[in-house]
Amino acid sequence: MSNDTRNLQAYRASLLHFHADPAFAADAHAWHEDGLLVVEDGRVHAAGDYARLAPALPPGTPIEDYRGKIITPGFIDTHLHFPQTDMIASPAPGLLPWLETYTFPTERRFADPVHARATAEFFLDELLRNGTTTALVYCTVHKESVDALFEASAARNLRMAGGKVLMDRHCPDFLRDTPDMRESEALIQRWHNKGRSMYAITPRFAPTSSEAQLAATGELARAYPDTFIQTHVSENQDECAWVGELYPQQRSYLHVYEHYGLMRPRAMFGHCIWLDDTDFARLADTGSAIAHCPTSNLFLGSGLFDIARADEARALVSLGTDVGAGTSFSMLQTMNEAYKVARLKGSYLPALRMFYLATLGAARSMGLEGTIGNFAPGAEADFIVLDPKATPLMARRTAGSGSLEETLFALALLGDDRAVRATYAAGRLVHERESS
Ligand SMILES: [Zn+2]
């Protein structure tokens, strides 16, 4: 078949992607040292060895040459706050003073659609610069912030999920909402599954929602079962004690959410640090997922997530930057800190596992396997070109690398946006770094 009638584009580089979790399956990853990714109409047509696939291409198919680089699926960040972009790296002794001093005044400005749109544009470009092609995003309580995020992501044709924050107590009057879900429902109808946009029902966390609001949120989640749910749970000990006072009748902090119908597939719980074994089992049994946010947990001094306990329960785990409490948009830097947190908890995170968590693991956590997260035929062609020699130090370290694991480990520990040579969304180039 001639290429005249088909919209084919091929990319030559080393290819890495996953079809299983390397913590639980042998041969969970595919690695093609001299590989070829073939994209047709924004979707993966084939991924494999160059020597096998190149001869089968129709004559005239363009091949972009990225030899020496590594192509992986685009990173997926399962927890961050776009309105907090401008307050990243703000000093405060702990979560609650940080919310009072920086977060609430910053979020107030998102009632203004012009400010919201400008911030959304910068935020999405920063994600793409860091190789993140999908994210699960908190907006503010203002519907204007949701419209701004989805208008800007639709303009870039990104697979993006987000939603309006719900809170109706223990917050300033200017950010206070009500248990009335009509505004959220209208946003679901406007944005959910429109193009590549997906809606997330977003109660901030149990202390800032009344029981009436959590009950209404649960009803909305039942009425729209393929929307996402996102919230925070068991981030630090003061917060856990506060939830114990507010909801004395519930077995645990996490159980508050289960009581109101907020644990189900596509529910994403940020942090999950101070959980007990029953909580981890409930996450696994309900198909809910964990967003582990190590840079944020270290920054706020919240605590150390225990990935071994989550794995023991077979709970779904993914990685989030949690910007603005997180200190980097880079999923590579997030892996770096996840590795150190695991060490402090006495476990070990291989680089292959970390790349899994940031790609297919996150897609599974979001119920999006087959759509994004690997190079299965028919998947949306969201992919990135990583340069393991992006800096002089990385080049020197990588030259001495004896294995794929070593190369990926150095990339995760030393890399950041400088290591992202190019980012593609649905087969279209959406970020390109000038080569040095
Ligand atoms: Zn957060």
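# How do we know? Questions about one model

Me: Which residues touch the most other members of the largest nonpolar core?
Reply: Tyr257, Leu283 and Phe355 do, in a core of 104 residues. Helix α13 (residues 351-358) gives the most to this core, with seven residues. A nonpolar core here is a set of buried Ala, Val, Leu, Ile, Met, Phe, Trp, Tyr and Cys residues joined through side-chain atoms within 4.5 Å. The model is predicted: local features need pLDDT of at least 70, side-chain atom pairs count only at pLDDT 80 or more, and totals for chains, interfaces and linings use all residues. Residues are numbered from 1 along each chain as its sequence is written, and side-chain values use heavy atoms, with hydrogens and water left out.

Me: Which residues does Leu283 touch?
Reply: Not counting residues up to four places away in sequence, Leu283 touches Leu254, Met263, Phe269, Cys272, Leu275, Ser288, Ile290 and Ala315. Contact means heavy atoms within 4.5 Å.

Me: Why is Cys272 called buried?
Reply: Buried means under 20% relative accessible area (over 50% is exposed, in between is partly exposed; 1.4 Å probe, protein chains only). Cys272 has 0%, so it is buried. Cys272 lies in the loop between β11 (267-271) and α9 (277-286), and has a positive phi of about 55° although it is not a glycine. Most residues other than glycine have a negative phi. Ala426, in the loop between β15 and β16, is another non-glycine residue with a positive phi, near 50°.

Me: Which protein atoms are donors of the zinc ion?
Reply: His79 (NE2), His81 (NE2), His232 (NE2) and Asp322 (OD) lie 2.1 to 2.3 Å from the zinc ion. Donors are N, O and S atoms within 2.8 Å of the metal (3.2 Å for Na, K and Ca), so these four atoms qualify. Water is not among the atoms, so a site may look incomplete.

Me: What makes the arrangement around the zinc ion irregular?
Reply: The four donor atoms subtend angles of 88 to 170°. Tetrahedral would need all angles between 85 and 135 degrees, and square planar (four donors) or octahedral (six) would need opposite donors over 155 degrees apart and all others between 65 and 115; anything else is irregular.

Me: Why is the link between the side chains of Glu337 and Lys340 called a polar contact?
Reply: A polar contact is a pair of N or O atoms within 3.5 Å; within protein, one must be able to donate a hydrogen and the other to accept it, and residues adjacent in sequence count only if both atoms are side-chain atoms. The side chains of Glu337 and Lys340 are joined at 3.2 Å, so the distance passes. Glu337 is in helix α12, and is in contact with residues including Pro294 and Leu298.

Me: How do you know that the span of helix α3 agrees with what it should be?
Reply: The expected span is 1.5 Å times one less than the number of residues. For the 17 residues of α3 (residues 113-129) that should be 24 Å, and the end C-alpha atoms are 24 Å apart, so the two agree. Helices (H or I, at least four residues) and strands (E, at least two) are DSSP runs, numbered from the N terminus. Just after α3, Gly131 takes a positive phi of about 80°.
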